[in-house]
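Student: I'd like to take a close look at a single part of this protein. Could you walk me through it slowly?

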Amino acid sequence: MLRIARLYYIDGMEQSQIAKKESVSRPTVSRLLAMAREKGFVSIKVNDDFRDSQVLSEQLEAIYPDVKINVISTAQDDQKLKIDRVASSVAKYLHSIIKSGDIVGLGSGQEIYEIAQRIEAKDVRDVEILPLTGLFDTREYPAFHSEIATLFATAYKSSARLLPVPVIFNSISTKQLVETEKYVRYLERLARLSNIVVFTVNNITSSPLFYSNNYLSEQEKEVLASDSIGEVLSHFIDINGVLVNRDLDSRTVSLPIDNLHYKDHAIMMVSDVANTAILCTVLKMKIVSQLFVDQQTAQCLLEYDMKEK
């Protein structure tokens, strides 16, 4: 009885599949499931998470009226399910707004890669797809620059344009010299003109760029670990949204944060409660038009904002 109940309620198998697996009739499966409920082995309750997510959206939009906040109903302790549901919601929204001639700028990292894997093909023309930062990667925290751009480009019948430069240069003079190259100049201009941007945020302990051994000195890491609340599009900011190291930022190849103010759709995905503090900071900067967030992070954001007041 318990085995059949587990197959039905936990593994999600249909009664006919269970009957075949257990070599019993379908009526027998139905009867055993009823017995399991009667004996208290199984309890069924109405899940009110959807209503709760709507209430959270309304409460957060009252605090951040310039942002459309989409709170996605998710399980409390299933991080994989959180990412899946939030990324799927972003992909669905993108499908509804993408049109011919759009310029789509992309952030990097696991969450954006999850969105890219769920993008549905759409019959559009002349869509430009490009990353918004220079290239970097780490084994522990892959950035997925190429994979993300390729998946988006395939769905929207376009070609991915990768920015063929490192995310951080050793000197501002070297960066300025590389930026005189015609193709690099063109891509940076295209990024500034993008009307749709998809990105996320990372607290300092989960930033792929922070853990890269190739771009930051130990001294720079020390300062960032002490003063930065996290990173958005390779820009390290403090709790007030101010750049932590302006010299470092001047050597960084990325869309300027202020440029996000001018996007038709500045779409941010967050699916980890560890990013609550930087999420709060970025929302206050008013550079986001659409937020897609899991229910638990949304609740933490609401509580965090109340504590600050």
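Predicted model: local features only at pLDDT ≥ 70, side-chain atom pairs only at ≥ 80, totals over all residues.

Which residues line the largest cavity?

Tutor: Happy to! Residues are numbered from 1 along each chain as its sequence is written, and side-chain values use heavy atoms, leaving out hydrogens and water.

A cavity is a set of points on a 1 Å grid, over the protein atoms alone, where a 1.4 Å probe fits but cannot get out. Points are joined across faces, edges and corners, and the volume is the space filled by probe spheres set on them. The count is one cavity of 30 Å³ or more, and the largest has a volume of about 40 Å³.

Its lining residues, those with an atom within 4 Å of a point, are Leu224, Ser234, His235, Phe236, Leu243, Val244, Asn245, Leu248, Asp249 and Thr252.

By class, the lining has five nonpolar, four polar and one charged residues. Here Ala, Val, Leu, Ile, Met, Phe, Trp, Tyr, Cys and Pro count as nonpolar, Asp, Glu, Lys and Arg as charged, and the others, Gly among them, as polar.

As for confidence, the protein averages a pLDDT of 90, and 94% of the residues score at least 70.

Methods
pLDDT = per-residue confidence, 0-100. 1 Å grid on protein atoms, 1.4 Å probe; cavity = no way out; pocket = protein on both sides within 12 Å on 5 of 7 lines; lining within 4 Å.
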